[in-house]
Amino acid sequence: MFTIKSLMGVAPMAGMTDSALRRLVKRQGGCGLVVSEMVSSEGLVRGIDRTLEYLDYTEEERPVAIQLFGGDPQAMAAAAVIVESRGADVVDINMGCPVPKIAKHHAGCSLMREPEQAAAIVAAMVQAVKIPVTVKMRAGWNDHLVNAPELARAVEAAGASAVAVHGRTAEQAYHGQADWELIGRVARAVSIPVLGCGDLLEPEQIVERLRTTPVAGVLVGRGILRNPWLFAQATDLLAGRAPLVVSREDRGRFLLDYIDLLEAEGPPVVALDDRAENTPLSGFGAENLPRSCFDDNNQSRIDFGDENKSGSYFAGVGAGAGAGDDAGSGRARAGRRRSAAPRASYERWIVNKLRALCAYYTKGIEGGGTLRVAVNQAPNVAAVRSLITKFFGIG
Ligand SMILES: Cc1cc2nc3c(=O)[nH]c(=O)nc-3n(C[C@H](O)[C@H](O)[C@H](O)COP(=O)(O)O)c2cc1C
């Protein structure tokens with residue numbers, strides 16, 4: 001199990017926190033927990049290959065939490081059993097996703113409007129599995145319903161082992177600032193550990209929040225996509241050391257290592273299936289969603305901040321499905337090809353993954369905008385590699 005005191009972990013991010021990225025972040029140091037992209041409970045229960053593949057992880061990622069979304073207590077409990085059978089350390093419940101198509105199905109942040117249903121889901125899952133059941137929520141639904149402290153108490157009573165709070169409401173999406181004062185109130189309202197989340201971009205900010213808010217730890221999303229060394233640097237500061245200095249070359253190597261891992265593992269089924277790219281939620285775990293989520297085409301894109309303004313970064317990105325070749329075996333399959341995808345689809349999938357990451361990664365790097373634009377136009381993986389090698393001066 002993980003130690004919860006001053007824990008620093010990677011927040012779940014659909015389309016971003018695949019096993020390869022989680023491993024690479026972990027290798028940079030200071031990271032005590034990684035959380036998967038959100039996974040559809042309905043998809044798991046129905047045994048959909050591409051949903052099952054989201055459960056993949058490697059031993060080096062431990063402790064690993066798998067995040068589920070859904071609104072039905074029985075389906076969520078059954079999905080938690082599958083997660084446990086695959087050896088995950090924690091099963092987390094998404095009560096923060098503001099995407100209307102998820103909210104409409106009484107899942108994600110919509111559960112903050114239905115605290116009794118939220119508690120029923122937690123209770124059913126706690127009864128079904130032995131591993132800790134945790135909840136990730138937002139501040140509330142909107143300005144009129146900022147109820148994270150109350151919801152945290154309700155899920156604690158239902159048996160949740162910890163909660164994470166992103167200090168914005170669903171209505172805010174990614175606008176404004178995360179409310180850390182509220183996160184502090186949640187921490188004071190319950191006796192289970194509370195992890196704070198929101199707007200931690202610098203190691204100093206992590207240290208400051210850990211020191212001034214009564215949280216047990218932090219989950220970091222976008223900050224880790226910009227700087228995978230953030231936890232190592234915060235660990236240095238906490239220990240009174242100067243923070244690790246990362247060379248330009250190391251920054252470039254991280255991206256090349258990411259490509260290597262994606263290439264080594266082979267394509268997910270989603271790379272073979274253009275339908276996933278055409279779904280309105282593509283790249284936000286859309287491949288995970290119940291078919292009933294796609295009953296109209298009016299889904300608005302969620303705005304994750306500046307990085308995503310063009311809207312194109314997410315096209316075609318999304319962790320994958322699977323050939324289902326080892327369904328039931330549980331563990332991730334690093335170093336082994338999953339299926340024989342046409343090279344073109346597979347290349348496009350990797351290039352899109354790099355585009356998505358570069359949208360964040362190039363922030364704050366001198367000339368980063370140029371690299372971002374060039375990667376967005378690169379036709380294949382070799383071109384992306386070459387751009388990265390030149391830009392970061394890798395010899
Ligand atoms: C691209 C992206 C995908 C996300 N996907 C999820 C998700 O699947 N589940 C979840 O609970 N939160 C998700 N989030 C929210 C983050 O976990 C986090 O709460 C939020 O980004 C605020 O933290 P930050 O300011 O450190 O990024 C996502 C955020 C981003 C930027």
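## Starting with a helix

A helix here is a DSSP run of type H or I with at least four residues, and helices are numbered from the N terminus. Keep in mind as you look around that the model is predicted.

Is Leu225 buried or exposed? A residue counts as buried when 20 or more other C-beta atoms lie within 10 Å of its own. Leu225 has 25 C-beta neighbours inside 10 Å, so it is buried. Setting aside neighbours within four places in sequence, Leu225 touches Met16, Leu357, Tyr360 and Tyr361.

## The whole protein

The protein has 395 residues, and 56% of them count as buried. Its secondary structure is made of 16 helices and eight strands.

How much of the contact pattern joins residues at least 24 apart? Taking contacts between residues at least 6 apart in sequence, the share is 74%.

## The barrel

Eight strands close into a barrel, and you can follow them in the order S1-S2-S3-S4-S5-S6-S7-S8, with parallel pairing. On average, neighbouring strands of this sheet are turned by 30 degrees against each other, ignoring direction. In general, the strands of a sheet pair through backbone hydrogen bonds, in either a parallel or an antiparallel way.

Strand S2 (residues 33–40) and S3 run parallel and are joined by five bridges, and Val34 stands opposite Val64 in S3. S3 and S4 also pair in the parallel sense, over four bridges; here Ile66 stands opposite Val91 in S4. Next, five bridges connect strand S4 (residues 90–95) with strand S5 (residues 133–140), again running parallel, and Met95 stands opposite Met137 in S5.

## A closer look at S3

Which residues of S3 point one way, and which the other way? Val64, Ile66 and Leu68 point to one side, while Ala65, Gln67 and Phe69 point to the other, and all are buried. With six of its six residues buried, S3 is therefore largely enclosed by the rest of the structure.

## Helices lying across the strands

Helix H4 (residues 73–85) lies across S3 (64–69), S4 and S5, and runs at about 155 degrees to S3. Helix H7 (residues 148–157) lies across S5, strand S6 (162–169) and strand S7 (194–197), at about 165 degrees to S5.

## Two helices that cross

Two packed helices are described by the angle between their axes and the distance between the axes. The axes of helix H1 (residues 19–27) and helix H12 (residues 248–265) come within 9 Å and cross at roughly 140 degrees. H1 and H12 are therefore oblique to each other, and their crossing is right-handed.

Which residues meet at this crossing? From H1 come Ala20, Leu21, Arg23 and Leu24, and from H12 come Phe254, Asp257, Tyr258, Leu261, Leu262 and Glu265.

## Checking the length of H14

At 1.5 Å a residue, its 19 residues should span 27 Å; the end C-alpha atoms are 26 Å apart, which agrees. Of the 19 residues of H14, 15 are buried, so the helix is largely enclosed by the rest of the structure.

Definitions and conventions. Residues are numbered from 1 along each chain as its sequence is written. This is a predicted model: local features need pLDDT of at least 70, side-chain atom pairs count only at pLDDT 80 or more; totals for chains, interfaces and linings use all residues. Helices (H or I, at least four residues) and strands (E, at least two) are DSSP runs, numbered from the N terminus. A residue is buried if 20 or more other C-beta atoms lie within 10 Å of its own, exposed if 12 or fewer, and partly exposed in between; C-beta atoms are placed from the backbone. Two residues are in contact if their C-beta atoms, placed from the backbone, lie within 7 Å. Two strands pair if DSSP finds at least two bridges between them. Axes are lines fitted to C-alpha atoms, for helices over the stretch in contact, and angles run from 0 to 180 degrees between N-to-C directions. The expected span of a helix is 1.5 Å times one less than its number of residues. Angles under 35 degrees count as roughly parallel, over 145 as roughly antiparallel, 65 to 115 as roughly perpendicular and the rest as oblique. A crossing is left-handed if the near helix is turned anticlockwise from the far one by less than a right angle, and right-handed if clockwise.
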